[in-house]
Amino acid sequence: FIYFSFLLTIIIIPQKVHGFVLLMHNYLLNGKIRVVRRMIDNNLRCCREELGMTQQELGAMLNTSKQMVSNWETGLNPIPINKLVEFCNLFDYSLDYVCGLTNKNTRYNNPIKLDSKVIGNNLKRLRKKLNLTQKELSDKCNFYRSTYNHYETGYSLIKILPAYAICKTYKVSMDWLIGRK
């Protein structure tokens, strides 16, 4: 692998972690090496198979294609958080279990309601509890401070990969972060 200081260079390093394969994308940009993690979630496939469903059937239930479900299961594309929440609500799975943050599924009697303001408040509460600045938190989780700011203020709904990085890095529940009571 060759680094050029003026080009985007990607090195893919597979690493097995708790039923996941994380692809570590290292790239050099403006002299700074950044790492972007892509989660390949095997638990989604395991849950689907446990339910006795095909990718086609799950795709139909989530209003998407069989190919998209396959892409989520193999990690080619991260599952959008709204589709993950819809899956967890339909089949009573915890986000923590499906995302591989725990090995045990906690069944909740209440559906998850996605609300960027609730998530933003939880992010701010976590950051304050850890006594971190937005920059410190976002640097540790490898995304831009401005992106994190949009999540914390509720301006944007958090994406699955930053949510996963925050939960994994700071050992918090994805169900809590999303606002499941």
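**Figure 1. Helix H4 and the residue that follows it.** Just after H4, Asp92 has a positive phi of about 55° in this predicted model. Most residues other than glycine have a negative phi. An α-helix has 3.6 residues a turn, so residues three or four places apart point the same way.

**Figure 2. Aromatic rings around Tyr93.** The whole structure holds five aromatic pairs. One of them joins Phe87 and Tyr93: the ring centres lie 5.6 Å apart and the planes meet at 5°, so this pair is stacked. Phe87 and Tyr93 are both buried. The rings of Tyr93 and Tyr97 are also stacked, because their planes are at 10° with the centres 6.0 Å apart. Tyr93 has a relative accessible area of 1% and is therefore buried. Tyr97, at 17%, is buried too, because the cut-off for buried is under 20%. Together, Phe87, Phe91, Tyr93 and Tyr97 make up one aromatic cluster. A charged group takes part in this view as well: the charged end of Arg107 sits over the ring of Tyr93, 5.7 Å from the ring centre.

Figure 3. Glu73 belongs to helix H3, which spans residues 66–74.

**Figure 4. The largest nonpolar core.** This core has 40 residues. Which of them touch the most other members? They are Phe87, Ile158, Ile166 and Met174. Helix H9, residues 160–170, gives the most to the core, with seven residues. In soluble globular proteins, nonpolar side chains tend to be buried together. H9 is mostly covered, since eight of its eleven residues are buried. The buried residues of H9 are Ile160, Pro162, Ala163, Tyr164, Ala165, Ile166, Cys167 and Tyr170. Just after the helix, Lys171 takes a positive phi of about 50°.

Figure 5. Ile158 lies in the loop between helix H8 (145–152) and H9. Although it is in a loop, Ile158 counts as buried, because its relative accessibility is 1%. Which residues does Ile158 touch, if those up to four places away in sequence are not counted? The list is Ile81, Ile119, Leu123, Tyr151, Ala163, Ile166 and Ile178.

**Figure 6. Two exposed loop residues with positive phi.** Asn63 is in the loop between helix H2 (55–61) and H3. Its phi is near 55°, a positive value in a residue other than glycine. Asn63 has a relative accessibility of 68% and so counts as exposed. Asn131 lies in the loop between helix H6 (116–129) and helix H7 (134–141). Asn131 has a positive phi of about 55°, although it is not a glycine. With a relative accessible area of 67%, Asn131 is exposed, because exposed means over 50%.

**Figure 7. The chain as a whole, for placing the close-ups.** The chain has ten helices and three strands. From the N terminus on, the order of elements is β-β-β-α-α-α-α-α-α-α-α-α-α. Of its 181 residues, 44% count as buried. Contacts between residues at least 6 apart in sequence include 53% that join residues at least 24 apart. The accessible surface of the chain comes to about 10000 Å², and 55% of this belongs to carbon and sulfur atoms.

Conventions. Residues are numbered from 1 along each chain as its sequence is written. This is a predicted model: local features need pLDDT of at least 70, side-chain atom pairs count only at pLDDT 80 or more; totals for chains, interfaces and linings use all residues. Side-chain values use heavy atoms; hydrogens and water are left out. Helices (H or I, at least four residues) and strands (E, at least two) are DSSP runs, numbered from the N terminus. Rings of Phe, Tyr and Trp (its six-membered ring) pair if their centres lie within 6.5 Å; planes under 30 degrees apart count as stacked, over 60 as edge-to-face and the rest as tilted. Buried means under 20% relative accessible area, exposed over 50%, partly exposed in between (1.4 Å probe, protein chains only). A charge sits over a ring if NZ of Lys or CZ of Arg is within 6 Å of the ring centre and within 35 degrees of the ring normal. Contact means heavy atoms within 4.5 Å. Accessible areas come from the Shrake-Rupley method with a 1.4 Å probe; for residues, only the protein chains shown count as cover. A nonpolar core is a set of buried Ala, Val, Leu, Ile, Met, Phe, Trp, Tyr and Cys residues joined through side-chain atoms within 4.5 Å.
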